[in-house]
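Subject: Handing over a structure, with notes

Dear colleague,

I am passing this structure on to you, and I would be glad if you looked through it alongside the notes that follow.

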Amino acid sequence: MIPKEVIEEIRYRCDIEDVIGSYVTLKRAGSNRNGLCPFHGEKTPSFTVFPATKSFYCFGCGAGGDVITFIQKIENLDYVGSLEFLAARAGITIPNDTSFAEKDTVSRKRVYEMNLEAAKFFRNCLFDPVLGQEGMQYLTEKRQFSTMTIKRFGFGYAPNDFGLLTRHMKKLGYSDEELITAFLCGRSQKNGKLYDLFRERVVIPVIDAAGNVVAFSARALNPGESRKYINTSDTPAFKKSRILYGMNYAKHHCAEQMILCEGAMDAIALQAAGFENTVATLGTAITQEHARLLARYTKRVLINYDSDAAGQKATHKAMALLDQVGLEVRVLKLTGAKDADEYLKQFGADAFRTIIEQGSTGFAFKMDNVLAHNDVAQADGKIRAARELAEIIAAVGSGVERELYIADVSKALGISKESIANDVKRFMSREYRQQKEKEHRDLLLSARNFGDRINPDAAKDPAAAAAEETILGLLLCCPEHRKSVISGQTVLEIEDFFTDFGKRVFRAITDMESSESGFVFSALNELFQPDEVGRMVRMQQDRERLQINDDTVLNAAVEALRQSRRKRESRQSGDWMAEIERRRAAMKKKQEK
């Protein structure tokens with residue numbers, strides 16, 4: 001068990017407003033702070049930080065907890081990792097005799113160390129005149145990168161040797177399990193021996209915003225290789241859905257806008273050409289996590305994807321995700337080249353700068369695509385295009401933007417603005433009705449606790465679940481109620497609880513309250529998943545918003561819970577008696593025969 005004084009010292013030094021404020025733009029809302037939730041896409045703030053209780057809660061997605069829970073979710077860390085992260089931030093040294101790392105797992109820190117050693121190894125191979133000749137030739141001649149660029153981005157080379165890296169890393173003391181977990185080596189199914197995963201490839205280290213080498217992207221040099229790129233799979237230190245290549249440099253140059261590419265080579269080429277606000281996804285399409293990461297650093301994103309069909313499809317997806325997090329989006333159209341690297345080689349940096357200045361808005365990009373896929377010279381094609389564009393405009397939140405876009409469509413199709421505006425209104429009304437119907441369905445299901453992933457037992461007895469939430473909320477926010485239960489003044493047993501989640505929370509609260517150090521909310525992070533901690537914060541906040549939280553409320557909820565237990569036991573007893581009678585009747589019938 002982690003000493004509670006260590007947890008509390010970390011929690012005390014890492015002020016929740018400061019920590020969350022480095023990820024989310026917070027605005028004062030009375031005594032609290034509001035902002036756009038970093039855990040789901042939204043345009044209206046539903047994320048709240050409560051300085052008084054050192055907690056946060058999103059009324060949109062249900063995420064909640066304290067500063068430790070927040071770091072677990074935002075950095076995708078386990079409980080141990082989040083404590084280490086915050087301890088390092090606050091300058092706290094965690095005692096050696098209270099090591100939090102699990103013996104059977106490879107820690108995030110250990111993977112960082114392995115990756116750094118591997119990056120040095122690959123770099124030394126590249127600059128070796130014998131081992132690295134092929135890799136250096138590819139970078140300087142085909143890619144036309146300068147020596148300064150090669151060094152700045154830490155390029156390396158993995159020779160065509162099945163065990164060169166493996167032997168080097170084993171000499172440094174790393175075990176087979178560690179090397180496999182870090183995605184540096186694999187194990188042969190034939191003979192069980194380790195082999196290097198990166199071979200005959202130019203290797204690019206992936207560095208996160210904090211400066212850690214978290215992964216590698218390796219480009220094949222052999223034309224016959226089926227996989228052009230091999231990227232590190234997810235490890236304890238790397239989740240590709242949450243990392244953008246080049247952010248370690250771009251974060252210093254992106255306050256106003258950021259360029260988003262599809263691959264590391266494009267990002268390097270652009271940064272080397274002076275466009276230092278460039279980042280790229282790695283072997284995966286853009287995700288919600290990527291979009292939220294971009295929203296932390298910039299106001300506008302310039303999408304610079306390949307011009308082929310796959311690139312256009314990816315652009316549409318990126319626009320939707322970036323719009324959800326409130327970012328302004330523009331699309332760069334490269335004529336005469338398939339990607340940014342090729343464009344720079346052919347036309348130079350000044351031409352690319354002009355492309356940036358002429359970048360089309362998100363709507364202009366969509367309109368061009370609609371017009372390109374419909375023959376607007378014909379009546380039926382013009383009608384289809386008008387319908388598609390009206391539906392796109394209807395999804396725009398700003399009335400001013402809608403009016404401008406309606407004018408653009410009217411001009412492009414030769415249809416009156418009034419006709420386009422009427423179609424837009426019709427689509428908006430349809431969307432409004434569908435949204436209201438969905439909200440009504442969700443409200444009914446929520447009232448019955450259907451679809452509750454955190455507490456699935458709640459749907460079986462909503463009344464008992466509601467009583468449990470009242471009790472647990474009171475215990476979480478009121479020390480006097482915890483003492484009353486522990487002392488026996490309020491008679492409440494774990495068997496009174498109906499749901500498994502309620503039982504686990506009640507046991508954790510009472511066990512902590514009975515311990516020498518007493519109840520500490522942060523210690524719940526060690527026992528529960530972040531989403532479960534979020535539910536506890538909601539229960540706590542629900543009670544704190546009410547004026548009356550005295551013994552009367554607690555006793556009424558306890559009585560309701562115990563009454564529910566008596567009903568269940570009575571039904572079970574009745575079922576047992578009915579089964580006995582059924583068996584007696586069957587036996588009697590058999591005897592009569």
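Predicted model: local features only at pLDDT ≥ 70, side-chain atom pairs only at ≥ 80, totals over all residues.

Residues are numbered from 1 along each chain as its sequence is written, and side-chain values use heavy atoms, with hydrogens and water left out.

The overall picture

The protein has 23 helices and 16 strands, which are DSSP runs numbered from the N terminus (H or I of at least four residues for helices, E of at least two for strands). Its C-alpha atoms fill a box of roughly 90 × 75 × 70 Å, taken along the principal axes, and of the 593 residues 46% count as buried. Among contacts between residues at least 6 apart in sequence, 62% join residues at least 24 apart, a contact being heavy atoms within 4.5 Å.

Salt bridges

The whole structure holds 35 salt bridges, each defined as a side-chain nitrogen of Lys or Arg within 4 Å of a carboxyl oxygen of Asp or Glu. Asp66 belongs to one of them, with Arg11 as its partner and 3.4 Å between the closest N and O atoms. This pair links distant parts of the chain, since Arg11 is in helix α1 (residues 4–13) and Asp66 is in the loop between β5 (64–65) and α3 (67–74), 55 residues apart. Arg11 is buried as well, at a relative accessible area of 12%.

A second salt bridge joins the side chains of Arg152 and Glu276 at 3.2 Å, N to O. Here too distant parts of the chain are linked, with Arg152 in helix α7 (residues 147–152) and Glu276 in the loop between α11 (264–272) and β13 (278–280), 124 residues apart. Arg152 is partly exposed at 32% relative accessible area, and Glu276 is partly exposed at 27%.

Helix α7 also holds Thr149, which counts as buried at 12% relative accessibility. Leaving aside residues up to four places away in sequence, Thr149 touches Phe155, Ile268 and Ala272.

Asp176 is partly exposed, with a relative accessible area of 22%, and Lys170 is partly exposed, with 41%. Elsewhere, salt bridges that share partners join Glu469, Arg535, Arg538, Asp542 and Arg545 into one network.

Helix packing

How do helix α19 (residues 462–477) and helix α20 (residues 479–487) pack, and at what angle? Their axes are 5 Å apart and the angle is about 110°, where axes are lines fitted to C-alpha atoms, for helices over the stretch in contact, and angles run from 0 to 180 degrees between N-to-C directions. The two helices are therefore roughly perpendicular to each other, on a scale where under 35 degrees is roughly parallel, over 145 roughly antiparallel, 65 to 115 roughly perpendicular and the rest oblique. The contact is made by Leu474, Leu475, Leu476 and Cys477 of α19 and by Pro479, His481, Arg482 and Val485 of α20.

Helix α5 (residues 108–126) and helix α8 (residues 164–171) have axes that come within 11 Å and cross at roughly 130°, and these helices are therefore oblique to each other. On the α5 side the contact is made by Met114, Glu117, Ala118, Phe121 and Phe122, and on the α8 side by Leu164, Leu165, His168 and Met169.

Finally, in helix α12 (residues 288–297), the residues His290, Ala291, Arg292, Leu293 and Leu294 are buried. The buried residues of α12 pack against α10 (247–250), β12 (257–261), β13, β14 (300–303) and α13 (309–324).

Key:
Buried < 20%, exposed > 50% of the residue type's maximum accessible area, 1.4 Å probe, protein only.
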